[in-house]
Amino acid sequence: MAINNQNGYGAISIRKVGKIYDPEGVHVEAMRDCSFEIAAGEFAVIVGPSGCGKTTLLNAIAGFDTITSGEIYLDEELISSPRKQIKPDVDRMVVFQNGALFPWKTVVENITYGPLVQRKMKKPEAMDAARDMLSKVGLNEIEDKYPEELSSGVQRRVEILRALINKPKVVMLDEPFRGLDAIAKTVMHEFLVQIFCTASNTMFFITHDLDEAIFLGHKVVIMTTRPAQVKKIVTVNLPWPREHHLKGSETYLDLKREVLEAVHEEAKKAFEAGEREMA
Amino acid sequence: MRRVKKYFTASTWRGFLSLMVFVALWQLVIFLKVPYLERLPYPADVATEGAKAVQSSGYWYNWKVSMIRIFTGFAVAQIIGIPLGLAIGLSRVFRGFTFPIFEMLRPIPPIAWIPLAILFWPTRELSIYFLVFLGSFFIIVINVIQGVGNIPVSLKWAATSLGARRKDIFWRILVPGSLPSIVVGMTVGMGVTWEVLIAAEMIAGKGGLGRATWEAYTNSAFPSIIVGMLSIGLAGYLCSALIRKISDMFMPWKRKF
Amino acid sequence: MIDRIRTGLANPQLHRAVVGILLFLGLWYLLTAVLQLPRFKLIPDPLQVIKEWFSLEPLSGRSLFTKTYYVDIAYSIARTLTAFGLATFMGVTLGLFMGWSRIFYDFSFPVLEILRPMPPLSWIPLAVLILPGVEVAVITVIFIAAFFATVLNTLLGVFSIDRNYFLAAKCLGSRPKDIFFNIVVPGSLPFVFTGLQIGMGIAWMSLVAGEIIVGQRGLGYAIYEGYSLYQYAQVICYMFTLGILGYASSAAIRAVGRKLMAWEARKRGA
C-alpha cells in the first residue's frame, strides 16, 4: 500500500483516550481506552455506530473539545491530554458535516480567507492560488458565486479546497458526503482521490458508508458502540489511485464482508443498548 | 444540592453584580453632580415613593384602568385582525381588493390618529380603546398573512391525500400552521400597544399609569415619575409574559422543556 | 418595455387594487359627505382632504405649495434621522459586543432587561425635566425607542450564527479580531436589518408622540395644532404624509440591506 508520503508530516498517535461528558451530572462515557496510530500521509477512515464518539475524537484532535484521559500526539508533539489542550490551528483542518462555508463570502473569498487572515499571502497571490485550485478540479466558473447558489456537492468540494490551500498536516472530514445521492457521491470520491494523490495530507475521515470507507481508505478503523473503543482495524490493500472498477474486484468484496461483519455486530449492540435506554 | 449550585453560576453573580453597579452608578452621578443627570432623584427616594404608592388605592386603580384599556383594545384587534389576516392570506381575490387599502393605512403611526380618534368617538375612553386597537391591529394582520404564506404546500397535499376536506384543511392545517405567526404578532403588538396607550393617556386620558406619570411630571415629582415608569415597565412585562404563557398552552408542539 | 407595461396593466391584482382603493374612498365619501352619519360628519371627506393638500392657498396655511409644509417635514426628518442614526450606531455596536463576549453579556443584559420593558414614551416626562431643552428630550426619546429594538435584534443575530462558522474560522487561523469582522458582523446582518426596520417604525411613532406632547414644529406638532384649530383636513393630509415618510424610510432600509447582503438576495433569486 503506497502511502503517498512526501513531507512526512501529520502522523497521529491516539493513546488510551477516554472522554466522559458531565462527570458530576449525567455522566456519559463517550470513549474508553481508545488507541490507534495514523501514519503521516495515510488516509484513515473511521466507521462505527451513530453517536459512538467518533466526532468526540475529531473534536479533541481539532482542539474544539478536551479529553478526560489518555493522550493524543501529532508528530510526536502532545496536542491533547486532560492537562493540556492546544487550540485549533491551521495545521489541522476540519470539513464539517453540514458544511461551514461562510455564506456571506463568495467561493474565492472563502478559499482565500485562510491565507489572508494568516497573512501568508498577499491578496493577488491568494486569488491566483485559489483560481488555480478551482480550475484544476474543473470548478473555475463558480468563483464569484455565493455558497448557497451551489449544489451541496459543489459546496463540499469548495470547502475541501478551502482547507487544502492552507497546506495542513491533517484534514479531518466529519461525514462530509452525508445526504448526497449515490451519483453525487461517486463524483465526490473521484475528486477526493484526485486531491489526495496530489496533496498528500494525512486524512481523518469519518463516515457511515462502508463502500466509501473501503474505496477511500488505506485503513478502516471500526469503532465499538459507546463507550467507543477500537474494535478492529482493516488494512485496505487496493492500488492507488483508486478507480471505480476496483469495486467489483475479489479483494474489495472480501474486505467489504470483513468490515460489514464487524460493523453489524456493533450496530446490533448499539440498537439493543438503545432499546434498553428507552425501556 | 446540585440544583442549588446551578442557580448560582458565574452568570447569575455577574447579573446580580451588574444591577448593583447600575444602582451605584445612579447614586454616583447625582453625588458627583454630573451635568443634567444630577437632577435625578436618589434611588432610595424612588424606593420610598414606590413603597408609599403600593399602599395607596389610587395607584392600583391606575393599574386597573390601564389594564382594562389594554385588554379591550388588544382583544378587539385580535378578534377582527386574525380572521381578516386569514382571509387576505387565503384568498387571492380578497387580497387584491383589500390589501392595498391596508398597506395605505398601515404606515401611518397609530399615535398620529389621536386627534381624529378624539374627534370621532363620543367619549375619550372609546377613543383610547380605538388607539390601542390600532396599535396591535395592523401588526397581527400582517403576521397572520405571513403565517398563512409560510405553511408548506406539502402539508396541504399530505392532508388532502389523507382524505381531508376543505373545512378540515382550514381548521387542522391552516389555523394551527399560522399559530406561531399569530403569537409573534401578538407579542410585538403587545409592545406597541403599551407605547400607544402611554401616549394616549398622557395626551387624552383620565386615570391610568401613563396619566399618573404625566401628572407626576406636571408636579415635577421626580420619584413618582420613576415609580410610574417602573410600574409601566412591569405592567408591560406582565402582559408579554401572559401572551407567552397562552401561546405555550395553544402550541404544545413548540413547548420548551 | 411597452409589452411589460401592457402585461402589468392586464394583471387582475392591479385592477382589484384600484377598485379596492376607489371603493374605500367612495365609502369614506359616502359616510362623511353624502349620508353625513352622526359621528362621521365631523370628519372631512376625501375631496376636502385632497383639495387642502393641493391647494395654493390652504385654509390651514399648510399644503404641498407652502413652505411651512416642508419645514414641518424637515424638522421631523431631522429629529428621526439624528435619533435613528445614533441608535443604530450605538445599538449595533453594543449588540455585537454583547453577542461576542460572554462576560460582557452577563454584565449588561440584566440592566438592559430591566430598562427594556418600559415603553420609550414613558421616558418623556423624565427626559423633558432633566435634559436641556425640548429638542434634546424628543430626540432622546426617539433614540431610546430605536435603540432597544436594534440592540436586541443584533444580539439575536449574533446568537443565530451557526457555531461551526466560528470553529471553521478558528481552524483557518483567525484571530479574535478576524472572527469579529468576518463572522460576527456579516452573520448577524439579517437580524440587524430586521431590528432596524422595527426600530424605524417605533421611532416614527415616538416622534409623533414626542412632538404632540412637548414639541415645537414638526408633523406631529402640526397634527395636534391642526386639530386645535379645527383644520381637520390638514390633520388627515399630515397623517398620510407621515405614512409616506414611514414607508419611504423602511423601503430605504430594505434597499441598503439588499445592497449589504448580496448573498441573501442571490439565494432568493436562485
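Which residues are exposed on the other side of helix 3 of chain A? They are A:Pro124, A:Asp132 and A:Ser135. Exposed means that 12 or fewer other C-beta atoms, placed from the backbone, lie within 10 Å of a residue's own.

## About the model

This is a predicted model, in which local features need pLDDT of at least 70, side-chain atom pairs count only at pLDDT 80 or more, and totals for chains, interfaces and linings use all residues. Residues are numbered from 1 along each chain as its sequence is written, while chains are lettered from A and ligands numbered from 1 in the order in which they are written.

## Helix 3 of chain A

Helix 3 of chain A covers residues 123–136. Helices here are DSSP runs (H or I, at least four residues), numbered from the N terminus. The expected span is 1.5 Å times one less than the number of residues.

Four names make up the buried set: A:Ala126, A:Ala130, A:Met133 and A:Leu134. They cover an arc of only 100 degrees around the axis, so they lie on the same side of helix 3 of chain A. The arc is taken from the directions from the helix axis to the C-beta atoms. Buried means 20 or more other C-beta atoms within 10 Å. The cover over these residues includes helix 2 (107–117) and helix 4 (152–164) of chain A. After helix 3 of chain A comes A:Gly138, with a positive phi near 75 degrees.

## Two packed helices in chain B

Helix 4 (residues 57–90) and helix 9 (residues 166–204) of chain B pack at about 145 degrees, with axes 10 Å apart. Axes are lines fitted to C-alpha atoms over the stretch in contact, and angles run from 0 to 180 degrees between N-to-C directions. Among the contact residues are B:Gly73 and B:Phe74 of helix 4 of chain B, and B:Gly189 and B:Met190 of helix 9 of chain B. Contact means C-beta atoms, placed from the backbone, within 7 Å.

## Where chains meet

Two pairs of chains touch, and chains B and C have the most contacts. Here 46 residues of chain B are in contact with 49 residues of chain C. Helix 5 of chain B gives the largest share of chain B's side, seven residues. Other contributors include helix 2 (10–31) and helix 11 (222–250) of chain B.

Chains A and B do not touch. Their nearest C-alpha atoms are 9 Å apart.
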